[in-house]
Amino acid sequence: MSGTNVDLTSTEVSNIWSSYLKSSMELRFFQYFYATTEDSDVKNIVEKLMGFSQQSLEDLKRIFTKENMTFPLGFTEKDVRLDADKVFSDIFTLYICHDITMLSLSTYPSALPDCPRKDVRNYFQNAIEFTLQIQNEIIDLMLSKGVFLKSPQVAMDHTVDLVDEMKYLNGLFGGSRPVNAAEIANLSRVIHRARFSKMVLVTFSKLSSHKDVKQHFSKGRDALEKVLDSLEEVFEKENIPYSASGDFNIFDARHSPFSDKLMLFFVNTCIGMFCFTMINQALTSSLRTDIVTKFTMISTQMKKYYGKGLLLTITEKWLEQPPQAFDRKV
């Protein structure tokens, strides 16, 4: 059997449904970035991402059509204004492209192992391979322009030491050890992500014309400011230097290039990655109790914010209902 004539599993349906929404969202952003980006190197990156998003939608439509499934509405030409003024600096656009590849690398690899059908597996495999390639190109470009945000460097010891005392975990009541490499990496990664997300929310709150959506973005900005204050405090106490904020420059615009629905979906998707992937990874690989406590509190607060974002999409009738099983209740 070729593996393409078997029925889709619920996992496959969920994965291709989510991927269609994600690709349609990304395409609208990339179309606008392509229309407004001036730097030829950044524009080349955007063009490749835009082409992949377009191809991705066509590949997914073929699967939906083969299964006689209605594909999602997603995001259309109505959700973007390509004639709108330039809002993001070219470097900020590059940061957004990098963030979207990070989102892809947190979703595509987890989808692939649970897909038994060959055409679906091929789709996700190709998506992973493209994302790895384009992410390398983005990082190389960031490095060449001096805008890649690196984590702090640590001295490498040439001996192997084993933890022999429980106080290695202590961090709440004094006498705490210096942060280790994994904790520095976690703190730096979350700080960089929080700074980026904060500036996205600042920009979107300026662009939004919907009162409740604008207020939601503003509350998210304030929540991320508290995240930054909490985590940067650790580096300051440890006297560890860390990268300054990135080049998140924005310009005034007479009209928003994006619909409120598109901006809210982007925020929900990326905040979801921040809450359920990045912070959870930081929690499981941090050992000092004060850092674990900080990440736990951040996780709780940001998940509440994420939930409010979902409720807002339902209130505005912007949330598409995924395919679901027939009601088998008696």
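Predicted model: local features only at pLDDT ≥ 70, side-chain atom pairs only at ≥ 80, totals over all residues.
Residues are numbered from 1 along each chain as its sequence is written, and side-chain values use heavy atoms, leaving out hydrogens and water.

**Overall layout**

- You'll find eight helices and zero strands in the chain; helices (H or I, at least four residues) and strands (E, at least two) are DSSP runs, numbered from the N terminus.
- Read from the N terminus on, the elements go α-α-α-α-α-α-α-α.
- The chain has 330 residues, and 47% of them are buried. Buried means under 20% relative accessible area, exposed means over 50%, and partly exposed is in between, using a 1.4 Å probe and protein chains only.

**The largest pocket**

- The largest pocket holds about 830 Å³ of space. Its lining has 31 residues, and those closest to its centre are S18, T107, F265, T269 and Y306.
- On a 1 Å grid over the protein atoms alone, a pocket is an open set of points with protein on both sides within 12 Å along at least five of seven lines, whereas a cavity is a set of points where a 1.4 Å probe fits but cannot get out; lining residues have an atom within 4 Å of a point. Grid points are joined across faces, edges and corners, and a volume is the space filled by probe spheres set on the points.
- Which elements give two or more residues to this lining? They are helix 1 (10-36), helix 3 (90-111), helix 7 (260-285) and helix 8 (289-315).
- Helix 7 gives the largest share of the lining, with eight residues.
- By type, the lining of the largest pocket splits into 15 nonpolar, 13 polar and three charged residues. Here Ala, Val, Leu, Ile, Met, Phe, Trp, Tyr, Cys and Pro count as nonpolar, Asp, Glu, Lys and Arg as charged, and the others, Gly among them, as polar.

**A look at helix 7**

- Helix 7 has 26 residues, which should span 38 Å at 1.5 Å a residue, and its end C-alpha atoms are 36 Å apart, so the two agree. The expected span is 1.5 Å times one less than the number of residues.
- Helix 7 also bends by about 30° at F274, where the bend is the angle between axes fitted to the seven residues ending there and the seven starting there.

**Salt bridges**

- The structure has 17 salt bridges, each being a side-chain nitrogen of Lys or Arg within 4 Å of a carboxyl oxygen of Asp or Glu.
- E137 and K48 form one of them (2.8 Å, N to O). This pair links distant parts of the chain, with E137 in helix 4 (residues 118-145) and K48 in helix 2 (residues 40-66), 89 residues apart.
- E137 is partly exposed at 23% relative accessibility, and K48 is partly exposed at 33%.

**A loop residue**

- E38 sits in the loop between helix 1 and helix 2 and is exposed, with a relative accessible area of 64%.
- The C-alpha atoms of E38 and D90 are separated by 6.9 Å, though the two residues are 52 apart along the chain.
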